[in-house]
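Subject: Structure for you to look at

Hi,

Here is the structure I promised to pass on. Have a look around first, then read my notes below.

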Number of protein chains: 4
Amino acid sequence: MKFPLSKHRSARLALGFDDVSLVPGASTIDPADVDLSCEIAGLKLKIPIIASAMDGVVSPSFAGEIRSLGGLAVLNLEGVFTRYEDPEAVLERIAAAGDDKATRVLQEIYQEPVKPELFARVLKQIKDAGAPAVGSLTPLGAKRYGSAAMDAGLDVLVVQSTVTSVRHRSSSGEVLSIADLTANSSIPVLVGNCVTYEVAYEQMKAGAQGVLVGVGPGEACTTRAVTGVGVPQITATANVAAARADYFEETGRYVPVITDGGMRRGGQIARALAAGADAIMVGSIFAGCPETPAPHYHWGMATPDPNLPRGTRVRVEKSISLKQLLFGPTSVTTGEENLVGCLRSSMGLCGAASIREFHSIDMVFSLSFMTEGKILQRAQHLGMGA
Amino acid sequence: MKFPLSKHRSARLALGFDDVSLVPGASTIDPADVDLSCEIAGLKLKIPIIASAMDGVVSPSFAGEIRSLGGLAVLNLEGVFTRYEDPEAVLERIAAAGDDKATRVLQEIYQEPVKPELFARVLKQIKDAGAPAVGSLTPLGAKRYGSAAMDAGLDVLVVQSTVTSVRHRSSSGEVLSIADLTANSSIPVLVGNCVTYEVAYEQMKAGAQGVLVGVGPGEACTTRAVTGVGVPQITATANVAAARADYFEETGRYVPVITDGGMRRGGQIARALAAGADAIMVGSIFAGCPETPAPHYHWGMATPDPNLPRGTRVRVEKSISLKQLLFGPTSVTTGEENLVGCLRSSMGLCGAASIREFHSIDMVFSLSFMTEGKILQRAQHLGMGA
Amino acid sequence: MKFPLSKHRSARLALGFDDVSLVPGASTIDPADVDLSCEIAGLKLKIPIIASAMDGVVSPSFAGEIRSLGGLAVLNLEGVFTRYEDPEAVLERIAAAGDDKATRVLQEIYQEPVKPELFARVLKQIKDAGAPAVGSLTPLGAKRYGSAAMDAGLDVLVVQSTVTSVRHRSSSGEVLSIADLTANSSIPVLVGNCVTYEVAYEQMKAGAQGVLVGVGPGEACTTRAVTGVGVPQITATANVAAARADYFEETGRYVPVITDGGMRRGGQIARALAAGADAIMVGSIFAGCPETPAPHYHWGMATPDPNLPRGTRVRVEKSISLKQLLFGPTSVTTGEENLVGCLRSSMGLCGAASIREFHSIDMVFSLSFMTEGKILQRAQHLGMGA
Amino acid sequence: MKFPLSKHRSARLALGFDDVSLVPGASTIDPADVDLSCEIAGLKLKIPIIASAMDGVVSPSFAGEIRSLGGLAVLNLEGVFTRYEDPEAVLERIAAAGDDKATRVLQEIYQEPVKPELFARVLKQIKDAGAPAVGSLTPLGAKRYGSAAMDAGLDVLVVQSTVTSVRHRSSSGEVLSIADLTANSSIPVLVGNCVTYEVAYEQMKAGAQGVLVGVGPGEACTTRAVTGVGVPQITATANVAAARADYFEETGRYVPVITDGGMRRGGQIARALAAGADAIMVGSIFAGCPETPAPHYHWGMATPDPNLPRGTRVRVEKSISLKQLLFGPTSVTTGEENLVGCLRSSMGLCGAASIREFHSIDMVFSLSFMTEGKILQRAQHLGMGA
């Protein structure tokens, strides 16, 4: 739906998590019978939940923990674990910084160069913990350290930045081509983030084995305020899923879609999957788990940018084990715990036996959801209440 | 009205209580002359108000009180009155629990099994109080305890869960068929909750003698946050009413529509009826009445779920007799008291002499209502004001 | 624009004061050259502002004051001035009541019967103060006391209630016909309130010499919460103005439209007139003027209803002379003072030399206005800020 | 998109900064390679940022500072610098006034007449500081003092008022014709503010060498509340840009569009430029810079109006050098610092190598942005949080 801005231009409507709601199905299904599995880059996931490459969230041991519970984690290959011999000390320093100094401390810490010679040790730690070695690099990082990471034993590479396009122009000359990367890579490559049909389709054509969706929606992210850029996640996910469907029809290759960022409650995760995602990527909701390397804190990957930080360190008070967060039981009634239970229940109410069936259920768009959700969220943000 | 999400999918707009308003009629009518009666499952109601099967609201004696005032109550046949010999002690324990413990206490209390042998005593208490024995069971409960309840003297059965579909799939095998139930039942069966034309039409075809409308809108309910599922009540009611109209045209059988949940003020009740409901079902607004079994408290039926609670115990400060709540007089100017007076006044302004006439009055959709109502409500919720 | 509710019904979009904004004109005009005059029921107004028949606002002396400044006032002929020999004492009692008792005190005071024998004295007081005797009666009051008021010297009768339709049905038999009233009346009759094209057109056909617009928007009014009935003022005014235009084209008789209720700032008054009103009626904004009979207080006409109060007594802290409120000068920057200056400035920016020219300027509909305005207003209401 | 108000009228939808968001491009570009330059009235700007003619912001020395950083400033030729021999003393008095007195003090100070004999000294001060002498006059001021200002050495004249139309009617006779002014002027003339295609096109035809866009959106401005007039900036900018495109196609002359008012964060500046502006004009965001003549304070040009103030003095707590505000580095994560970095990053993500390329990128319209942004902003305004 196009809304005209002038006789020459228009803006299309885009919807986010709190603008839509799922419609119960004509048939329902027992939540216990719902199949939540998906396959990404050759890896089977029992639950469609991936931990994002945030240094405060994913350490090698965390990757092992979430894998044993059926999910997956991505380690940041340009983070503290590959910049410092002793990442624990660095993480402690971040946690100890005062609120007003936190961004500055992060900026300083991330000026230490990445040390490719640390890759092998870190990747081995992940595998020793029982998980596949999945790591993320920025496009520039992929150009610089991609081969080193593969040589060091990486199983899956995630090329990820705020926006990863197929054609990047730079006078510095140091530009990554996704097509070249996938052609020359011995391991699967996932690419992100994007928010449109066109870019997603091109990434698939360029050989991406998974596409990450989302620009600017994460809780620890302020891309939208800083740059004015962003697309709400439901519309973004649905458009990327449409690209996947068309690409599948033309090539027979099914490229999983992973919605990344902005989800905190079970209902939001359910809506992202119903909009077309095969799995979701979340980071900040794990900050309350003792299994993370920096319990009670998280910060976005763009937060330490020395010139233009686009994120902030966030403190989380609650404490809950990863297992209970994912599977319950819980006495919390907001959908922020037992995320898998929420999802099973949602798919049961909608009559979806699998995530692929979930991709075609009905949604409604409501103006009241939006106001309600946003006011509640903002009010909480501003410390105004429960 | 469809709002596109991608080239393959779209979401239709759905409206809630605070998104719409009623348009005064070309003629008006004296509120005293308005006929508020309706007939549901063979029972005549003088006022179209049904108390929902919440344990904190409906006891046998409350059922008698509201019946004597022209309304109706539904008793929860899987609640404390059929799980415990001494329900009063249990209700006191719930009321005494601290706010942080309330959900946990509820989870524990509702793990006690239902005792069908208590049905007869409870149903007799209702009848002794002067009311028909109307009780609710979940679909699974209806399969397990339906016959026992009928044998024990049940007059009307309400089969009710978050979402009751016509076809439920479960590998456990223990699945209820609404069509079988109504075919084999000696008493009328009401079914809910649903929110779409399609499901409502199928329930009517399956023999339902009344359909309950509403997924996730109740005050003590957090289904939307937990599962992402829900449809705003005005759109849901209008669609179910459309199914009733079409079914009536085809079969000559008029199946009453009951909108359940989310109403607190007279204006919201009026809008639900104008949208197509024959009666409305409310629970939490009775929590201030001394006639309830747990004065000052209410909690949703899904709150005690041991794994995934979808609701919360809510405390209500005010105290008002059931009669005054329904019929006034009042000095409260918010529409939260004298609900029947509000409804008479509303129908008078709209020129509707009966609820069926009310079903065809004009409505407007306004973006300002929404914001106003929601902000007010949220602000109250957050303890920010009056 | 119709928004579907179901396959059988839809709701049309309706806009309020804070949903729209006026577009500056291709030409502009010096505010000093703007002609603000209008003519209503044979009376010339230099400024298009009418004080509404609220007992806390309009006394005989207030009517004189506002008339001398170019406006007009309507006295409530069923209020304290015609129920009590000593209205001042009664008004003092209302002002002295505690906040929690105010509605009850009002309910009690308005149970005293109207005394038609007081009409002559009150109407003479108005005329002695230099104003025409303009008074309001409810439809039932018009039937009972209309002749007495005319005999007592009334110059213009305003028949006003929450909703005044052309056809009212009542089993009590005591029903007013507007057509009969205007046919048999020796003085002009204004009628209100209405919100639709259809009813406005019928009132004009029935002989109304002016039509009042607005159901439920006033600050001291809670009709919308209590009954669910109401239409936002910009849409309501535009529709009634469309009826006036069509009626004028057919008959050559121009029936003034008066938008009543909900305006507090100059910008809102300007929007009401631009939407099609010839004059606006306001009450609560005068509550800070020492010229009113109950300085610092106002309450709606439906507030004292003994069974179903639809309004509340509101306390206003500020103090400002009527003249300064209307004409400035001011140092207040919110548009709440120098209302006439605001209007002159607005018409100047839009290039409208007269109110009739103002009726055809462009408007935009913006979702941001709404949120901004409503949040600000609600936040103020809740005591949250400036 | 037209939304009907009645059968005779409608309102078109208009969008503001927080209603839209920019869509990342199919290609991206290195932020360092983005060209931010533009040319206005023969002056090259390295960064498209112009300081608005607010007395609290632009002094001669400030004009020099911002010019040396690549931007431009406009001095108010009817402000304290041309009314007083000793403007510093006056500015100190404004800063010292209590909050409740500030508007009154401003009203008094601006009653001192403009002294054209001071022009030469002030314009020389600007040039001595290294900047071109760019000054603003109201239309009436341009008629009265235009020649004097040109004689005194003005390089570019900005004719600016709340709304500047091509045809102004006034019985006082003292009316400016833009066409006459540009025809008789030896220097370039920029004209504003306007918000529609029609008026912008006429201003271009009348010889304007630049058009300013914006009525009522500034932070220190309350035009919308006071007069009801205003158009959200994204729609206004897009429409004026459409006029520029059509005028360019017909005449070959490219008239720059400058969006003025309402921007505080990098993301908003990016959206204004993407909507079609060549440069943006901001004032209040400089209030925290020690380079301004009244650090920590700003007030709109219409604030001192003796009868109808449309603005307010605002105090700003933060302190940051102009250079750092524009170019960083920063540890602030809200987009309120390093404005040029924000813009480079935004254009990089959207793949726009120049501002003209930026004019054709995609935007989405989202209801969630609006609510989120407005609530945050209002909450801050009301002192409710961070």
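Let me start with one residue. Leaving aside neighbours within four places in sequence, Thr162(C) is in contact with Leu349(B), Asn193(C), Val215(C), Thr223(C) and Ala302(C). "In contact" here says that the C-beta atoms of two residues, placed from the backbone, lie within 7 Å. You'll find Thr162(C) in the loop between β11 (156–160) and β12 of chain C. Is Thr162(C) buried or exposed? Thr162(C) counts as buried, because 25 C-beta neighbours sit inside 10 Å. The rule is this: 20 or more other C-beta atoms within 10 Å of a residue's own make it buried, 12 or fewer make it exposed, and anything in between is partly exposed, with C-beta atoms placed from the backbone. Thr162(C) and Met301(C) are 139 residues apart in sequence, yet their C-alpha atoms are 8.9 Å apart in space.

A word on reading all this. The model is predicted, so local features need pLDDT of at least 70 and side-chain atom pairs count only at pLDDT 80 or more, while totals for chains, interfaces and linings use all residues. Residues are numbered from 1 along each chain as its sequence is written, and chains are lettered from A and ligands numbered from 1 in the order in which they are written.

How confident is the predictor? pLDDT is its confidence in each residue, from 0 to 100. For chain A the mean pLDDT is 91, and 94% of the residues reach 70 or more. Be careful with residues 371–386 of chain A, where pLDDT stays under 50; the model has 39 contacts beyond four places in sequence for them. For the complex, the predictor gives an ipTM of 0.92 and a pTM of 0.94.

Now the chains together. How many residues of chain B are in contact with chain A? The number is 59, and they meet 58 residues of chain A. On the chain B side, the elements giving two or more residues are β1 (2–4), β2 (10–13), α4 (102–109), β12 (167–169), α8 (197–205), α9 (223–227) and α15 (367–381) of chain B. The largest share, 6 residues, comes from α15(B). By class, that side of chain B has 24 nonpolar, 21 polar and 14 charged residues. For these classes, Ala, Val, Leu, Ile, Met, Phe, Trp, Tyr, Cys and Pro count as nonpolar, Asp, Glu, Lys and Arg as charged, and the others, Gly among them, as polar.

Strands also pair across the chains, and two strands pair if DSSP finds at least two bridges between them. Strand β4 (residues 27–29) of chain A runs parallel to β12(B), joined by 3 bridges. There, Thr28(A) stands opposite His168(B).

Chain C and chain B meet too: 60 residues of chain C are in contact with 59 residues of chain B. α15(C) gives the most to that side of chain C, with 6 residues. Strand β19 (residues 363–365) of chain B and β2(C) run parallel, with 2 bridges, and Phe365(B) stands opposite Leu13(C).

How are the copies related? Chain B superposes on chain A (RMSD 0.0 Å) by a rotation of 90° with 0.1 Å of shift along its axis. The two copies are thus related as by a four-fold rotation axis. They use different surfaces, since 8% of the contact residues of chain B recur in chain A.

Last, a strand inside chain A. In β13 (residues 189–194), 6 of its 6 residues are buried. β13(A) pairs in the parallel sense with β11 (residues 156–160) of chain A over 4 bridges, and Leu190(A) is the bridge partner of Val158(A). β13(A) also pairs with β14 (residues 211–213) of chain A, in the parallel sense, over 2 bridges.

Cheers

Technical notes:
pLDDT is the predictor's confidence in each residue, from 0 to 100. Copies are superposed by least squares on the C-alpha atoms of residues with pLDDT of at least 70 in both.
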